[in-house]
Number of protein chains: 2
Amino acid sequence: MTSDPDPSKTNVAPERPEYVVVIHGGAGTIRKDRMTEELEEKIRTALDAALLKGESVLKAGGSAMDAVSETIMILENSPYFNAGKGAVFTNAGTNELDASIMHGETLNAGAVGGVKTVKNPILAARAVLENSPHVMLSGEGADLFAKEQGLELVDQKYFYTEQRWKALQNILQKENVTTGDLLESPRADYKYGTVGCAVLDKDGNLVAGTSTGGMTNKRWGRIGDSPIIGAGTYANNKTCALSSTGHGEFFIRHAVAYNISARMEHGGADFQSAADAVINEELVKAGGSGGVIGVDHLGNVAMPFNTAGMYRGYLKSTGEKYIGMYKE
Amino acid sequence: MTSDPDPSKTNVAPERPEYVVVIHGGAGTIRKDRMTEELEEKIRTALDAALLKGESVLKAGGSAMDAVSETIMILENSPYFNAGKGAVFTNAGTNELDASIMHGETLNAGAVGGVKTVKNPILAARAVLENSPHVMLSGEGADLFAKEQGLELVDQKYFYTEQRWKALQNILQKENVTTGDLLESPRADYKYGTVGCAVLDKDGNLVAGTSTGGMTNKRWGRIGDSPIIGAGTYANNKTCALSSTGHGEFFIRHAVAYNISARMEHGGADFQSAADAVINEELVKAGGSGGVIGVDHLGNVAMPFNTAGMYRGYLKSTGEKYIGMYKE
């Protein structure tokens, strides 16, 4: 396994690799001087396990849809990311989870917002895509749909981690919560622990998915970009597959994932330039922090972010592999 | 007041009008041979009242944000459209309302999904934009936010109309409801009664908003395109302001509103060509029915739809005015 610097920056695929898996585990103030070696190792191990899961699915002839679902499940089941087990807490002390997935051949998509009982929200999003006429389900209705689909349900306490609970208590104490305080933007040291995956498979299909617990201390049924097709997730076999992580409100307003695809489809931009223009120019100008990971129809990988760091990695059928955390 | 044919088809503004108001009251199988003269007159009168409200706000020096909000309130308060009073019923016999609004100068946006007690959901969307750090709130949390904002709340029975209740009963009886039946697409004679408005004001600001009751018989907390920024609503002073109406799932997957703007911004298309390409080519190819209304930064109006009809209209400070219902 190679490490930083990121070889994808200069990588142009001469011919399409058989498969590519790209992941993220969130962006934010991820800096080496704030990280313990132990935590860094645990996160790196989890990212590696996720990439290897995606690869094993694809090597066995699985589809991009299978690879994205199973890779994201690994990250949801890990307590180190803000998705599934380890999700952040809402102002009410609950966990409310969002996820989405999109298939680049059919442009079919599925998303759930604010589910509370689904162990793996990415599977609920996939069930919406595959077994409903809808794209987006929300709240208790989405939980009910997941139950009807036979997905594994868990008690809210399954999602509990001490670290996330303390994070909520810290905010509640510091802010002496009033509506006015809640109106503030996330603090400068905010970490967006959303997880996501984009895959190119041997059939040339592109699929992307995203899963998150949203923002610590969120209220009012707030929905971020993760379950919004075109903002948090987008896939189109003509262009690319993308998953976002960051300050969701900006990612919605700038339609970040579709924006990158549109610059390729309608503006003729290449993948890396389009992704850089949105993350490092358009979003920076607007004050929106975060990043995206993705793969294009030729197998090129892009992973731009405008924060101090982003948990990220990719591997290709060519043997090329990378895991990174910090800015180079 | 002129009537069909639609002069906007060939209208290119030589210089920007002081203001423009464009509205829709939904698209679908709206055909003259199925319409009574009485109903046609009532709908035409409501559309006219909405346009005149927008104009009066703008003539008095009001902003595009004020004009969009007040115009949409007229349509929400009318029982003839599927928004506010007159909203369709969910499978559970409730009314769950979605709305969104976006400002083209700041790209700030607000949306609510699945509110049950807010008389005018467009005002809740505007409050999210103006008085929260978020873009999208959902479910009971969104109702609570609206209450905290001092918006007018109503009992669910306020939204009741006999026509919409019968429509639900018809579907429930015909389909002898099972999950399998619910998985079917909307029937071919479906009408999308969503309402929307786009405005250009004297300062060159573009604002768009959308409000809906969603689909009759919807379940599982289904959210359509109306509260999704980039799908149901989008505004950008560099390009255009748009509101969508149609089969929401397709409008989300094709990011319809932002898609049109992106073809202008990144592809160099003019407004009418971009709007036509998305509604009459991309969506038709995908099987997605509906339309959009909007105004661009030069004051040009576009109102393409791929259904039999769309309730629509616009007026300009130049005196130009149009209301239409059917395909020409």
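Biologist: Is B:His24 buried or exposed?

Modeller: In this predicted model, the relative accessibility of B:His24 is 0%. A residue counts as buried when its relative accessible area is under 20%. Because 0% falls under that cut-off, B:His24 is classed as buried.

Biologist: In which strand does B:His24 lie, and how many residues of E1(B) are buried?

Modeller: B:His24 belongs to strand E1 of chain B, residues 20–28. This strand is largely enclosed by the rest of the structure, because the buried residues of E1(B) number nine of the nine.

Biologist: Which strands of chain B pair with E1(B)?

Modeller: One partner runs antiparallel to E1(B) and is joined to it by seven bridges; this is strand E12, residues 309–316. Within that pairing, B:His24 has B:Arg312 as its bridge partner. The other pairing is also antiparallel, over five bridges, and there B:Val20 stands opposite B:Leu200. The strands asked for are therefore E12(B) and E6(B).

Biologist: With which side chain does the side chain of B:His24 make a polar contact?

Modeller: Leaving aside neighbours within four places in sequence, B:His24 is in contact with several residues, including B:Leu75, B:Thr194, B:Tyr311 and B:Ser243. A polar contact requires N or O atoms within 3.5 Å. At 2.8 Å, the side chain that makes such a contact with that of B:His24 is the one of B:Ser243.

Biologist: What area do chain A and chain B bury between them?

Modeller: The contact involves 42 residues of chain A and 42 residues of chain B. In chain A, the residues that lose the most area to chain B are A:Trp220, A:Arg253 and A:His266, together 21% of what that side buries. Of the total buried between the chains, 63% is on carbon and sulfur atoms, and that total is about 3,600 Å².

Biologist: Which residue of chain A forms a salt bridge with B:Glu148?

Modeller: The count of salt bridges between the two chains is two. In the one that involves B:Glu148, the closest N and O atoms are 2.9 Å apart. The cut-off is 4 Å, and the partner is A:Arg219.

Biologist: Which element gives the most residues to the side of chain A that touches chain B?

Modeller: Among the elements that give two or more residues to this side are strand E8, helix H7 and helix H4 of chain A. E8(A) also pairs with strand E4 of chain B in the antiparallel sense, over two bridges, and A:Arg222 stands opposite B:Leu137 there. The element that gives the most, with five residues, is H4(A).

Terms used
Residues numbered from 1 in each chain as written. Chains lettered and ligands numbered in written order. Predicted model: local features only at pLDDT ≥ 70, side-chain atom pairs only at ≥ 80, totals over all residues. Heavy atoms only, no water. Contact = heavy atoms within 4.5 Å. Buried area = accessible area lost by both parts, 1.4 Å probe. Salt bridge = Lys/Arg side-chain N within 4 Å of Asp/Glu carboxyl O. Helix = DSSP H or I, 4+ residues; strand = E, 2+ residues; numbered from the N terminus. Buried < 20%, exposed > 50% of the residue type's maximum accessible area, 1.4 Å probe, protein only. Polar contact = N/O pair within 3.5 Å; in protein donor to acceptor, adjacent residues only side chain to side chain.
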